[in-house]
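Thanks for making the time this morning. I would like to walk you through one structure, a piece at a time, so please have a look at it before I start.

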Amino acid sequence: MMKSPLIPVALLAAISLGGCSLLKKQEASTVNSQDALPLFPVTTQTPVDISIDGHWFMRTVGSMKLSGFDEEWPFLEFVPTEARFYGNNGCNIINGSYHLGPKQELRLSEVAATMRLCPSDSLEYPVAHALDAVRSYSVSTAPDGSTILSLHDADNLTVMTLRKSDIDFLNGPWRVKSINGTEVENPDCRLIFDVAEGTVSGDTGCNILNGRLTREPSVSGSLGFSHLATTRMACPDMATEQSLLIALEEVTAARHSGKSVDLLNSAGDVIIHLTQLSKSDL
């Protein structure tokens, strides 16, 4: 899945890292690796019985509360069929193996990371320190209804908390039925989402579309688009494509209802309405 050079995360504590970041505003971040201590227990959630499978966005590392990431928010994704996890620590791609034991025991092993140089105030060391300390987990429901995964060390202190992705319903292909209330008659106008990979692709009804998904995981249903690009074929009717591209730039949230999805702007207005497609429709 990931072919970039990897180094064991356990070595990171002994390496002094510097250089550029994947994040647009990382230079302005106030993150400091020393802020990862002291660790603290989380007691404000209601315990639930749920697996750790799937995509989780980091919300705290040690005592730090994460905010301000413009590109890919640091995350972990657990894949049970492989007994492996994948993720991003805010600078480098990470992956490794995991093992679940009785009484919600959890051990992460063979953890490795790509070798991009990171700023000294990045999350590189705090995340590596937290992952190495994990011995158990708990899953709970926060007051706002979101699902929280807490990772604990041997003393049952919480070394990291993560929020479950709440837009997984977007995965797959969707037909664009209307834009700003105007019905789209072209059946080829469609969008395909891959939430885990953070990508959107599709057809504007004229050109092929590709782009990135952006998130503000602390906001329920948050969704945005960046790096949108299309091929440059000319078509008799370019109006639908232009309307779609403008609308996608305005999207801030997604709302799910059965086999349809509404993409909303910052005022809460529905600007794109989607209906689910099956593989036979492609």
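Let me begin with a question: how far does helix α2, residues 239–250, reach from its first C-alpha to its last? Please keep in mind, as we go, that this is a predicted model. The helix has 12 residues and reaches 17 Å, which is close to the 16 Å expected at 1.5 Å a residue.

Now to the sides of that helix. The buried residues of α2 are Glu 241, Leu 244, Ala 247 and Leu 248, and, seen down the axis of α2, these buried residues fall within an arc of 135°, so they line one face of the helix. An α-helix has 3.6 residues a turn, so residues three or four places apart point the same way. On the face of α2 turned away from the buried side you will find the exposed residues Ile 246 and Glu 249. As for what covers the buried residues of α2, the list includes the strands β12, β14, β16, β17, β19 and β20.

How many aromatic pairs does a search of the whole structure find? The search finds three. In one of them, the rings of Phe 78 and Phe 85 have their centres 6.0 Å apart and their planes at 40°, so the pair is tilted, and both Phe 78 and Phe 85 are buried. Phe 193 and Phe 225 form another tilted pair, with 6.2 Å from centre to centre and 40° between the planes. This pair links distant parts of the chain, since Phe 193 sits in strand β14 and Phe 225 in strand β17, 32 residues apart. Phe 193 has a relative accessible area of 3% and is therefore buried, and Phe 225, at 8%, is buried as well.

Going back to Phe 78 and Phe 85, these two form one aromatic cluster together with Tyr 98. Tyr 98 stands opposite Leu 108 in β8, and strands β7 and β8 run antiparallel, joined by seven bridges. Their hairpin has three residues between the strands, and Lys 103 in the turn has a positive phi of about 55°.

Finally, consider strand β10, residues 147–152: is it mostly covered or mostly uncovered? It is mostly covered, with five of its six residues buried. Strand β10 pairs with β9 in the antiparallel sense over six bridges, and also with β11, again antiparallel, over five bridges. His 152 takes part in both pairings, standing opposite Ser 136 on the one side and having Thr 158 as its bridge partner in β11. The hairpin of β9 and β10 has five residues between the strands, and Gly 145 in its turn has a positive phi of about 90°. In the hairpin of β10 and β11, which has five residues between the strands, Asn 156 takes a positive phi near 65°.

Definitions and conventions. Residues numbered from 1 in each chain as written. Predicted model: local features only at pLDDT ≥ 70, side-chain atom pairs only at ≥ 80, totals over all residues. Heavy atoms only, no water. Buried < 20%, exposed > 50% of the residue type's maximum accessible area, 1.4 Å probe, protein only. Helix = DSSP H or I, 4+ residues; strand = E, 2+ residues; numbered from the N terminus. Pairing = 2+ DSSP bridges. Phe/Tyr/Trp six-rings, centres within 6.5 Å; stacked < 30°, edge-to-face > 60°. Expected span 1.5 Å × (residues − 1). Arc of directions from axis to C-beta. Contact = heavy atoms within 4.5 Å.
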